[in-house]
Amino acid sequence: MKNSNIKQKQSILLLKTANEWLDIASKTPPKENLYLDLWKENEFSLLFADNNAGKSIYAVQIGLEISKQKKVAYFDFELSEKQFEERYAEEQEQDGKVIYTHHYQFPETFFRVSINPDFIDIEDFEKQICESIENLIIEQKLEVLIFDNITALMMQDSKETKAVINLIK
């Protein structure tokens, strides 16, 4: 197939004919499904809906399914450890107090990651969070990352929004 006759400047965007894209794609192997036909390896997927629609619970269920074959890290930037426990344990009353028992047993290939509340050196947050995630990926040989709620990392400052975009990259 000949190259497109379309002239374009150096750009962040690539313009090719649909046929050229099909030709390129035909030379690459198909991607493995991670979760049904909804998420494939090396893809970035977004799950969004109104508040309290069950996105976090669904994200954990997706992660659990994937963790049957791959190491999954669920980055929970929203719930405290107690809130997480409340979702995955039975609530009982004992001596007038609520306790949580019969905790769900997650597979050893499913990890939950949260921001350390005792870590006080928040200067250059963007760099530290990205380096920490990269280190976890390497040290733990993580294969799939699920971020919930990535907007929790964003502040009002546009610099912080840039940090989230860099994290996604």
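Phe106 is buried, as is Phe110, where buried means under 20% relative accessible area, exposed over 50% and partly exposed in between, for a 1.4 Å probe and protein chains only. The model is predicted, so local features need pLDDT of at least 70 and side-chain atom pairs count only at pLDDT 80 or more, while totals for chains, interfaces and linings use all residues. Residues are numbered from 1 along each chain as its sequence is written, and side-chain values use heavy atoms, with hydrogens and water left out.

**Aromatic pairs**

- Rings of Phe, Tyr and Trp (its six-membered ring) pair if their centres lie within 6.5 Å; planes under 30 degrees apart count as stacked, over 60 as edge-to-face and the rest as tilted.
- This rule gives 10 aromatic pairs.
- Phe84 and Phe106 form a stacked pair, because their ring centres are 5.7 Å apart and their planes stand at 25°.
- Phe84 belongs to helix 3 (residues 81-87) and Phe106 to the loop between strand 5 (97-101) and strand 6 (110-113), so this pair ties together parts that are 22 residues apart in sequence.
- Helices (H or I, at least four residues) and strands (E, at least two) are DSSP runs, numbered from the N terminus.
- Phe84 is buried, with a relative accessible area of 13%.
- The rings of Phe106 and Phe110 are also stacked, with centres 5.3 Å apart and planes at 15°.
- A cluster linked by ring pairs comprises Tyr74, Phe84, Tyr88, Tyr104, Phe106 and Phe110.

**Helix 4**

- Helix 4 (residues 125-140) contains 16 residues and spans 22 Å from its first C-alpha to its last, close to the 22 Å expected at 1.5 Å a residue; the expected span is 1.5 Å times one less than the number of residues.
- Glu126, Ile129 and Ile133 of helix 4 are buried.
- These residues lie on the same side of helix 4, because they cover an arc of only 80° around the axis, taken from the directions from the helix axis to the C-beta atoms.
- Ile138 and Glu139 are exposed on the face of helix 4 turned away from its buried side.
- Lys141 follows helix 4 and has a positive phi, near 55°.

**Second largest pocket**

- A pocket is an open set of points on a 1 Å grid over the protein atoms alone, where a 1.4 Å probe fits, with protein on both sides within 12 Å along at least five of seven lines; lining residues have an atom within 4 Å of a point.
- The second largest pocket is lined by 16 residues, among which Ile115, Asn116, Phe119, Ile129 and Ser132 lie nearest its centre.
- Helix 4 gives the most to this lining, with 6 residues.
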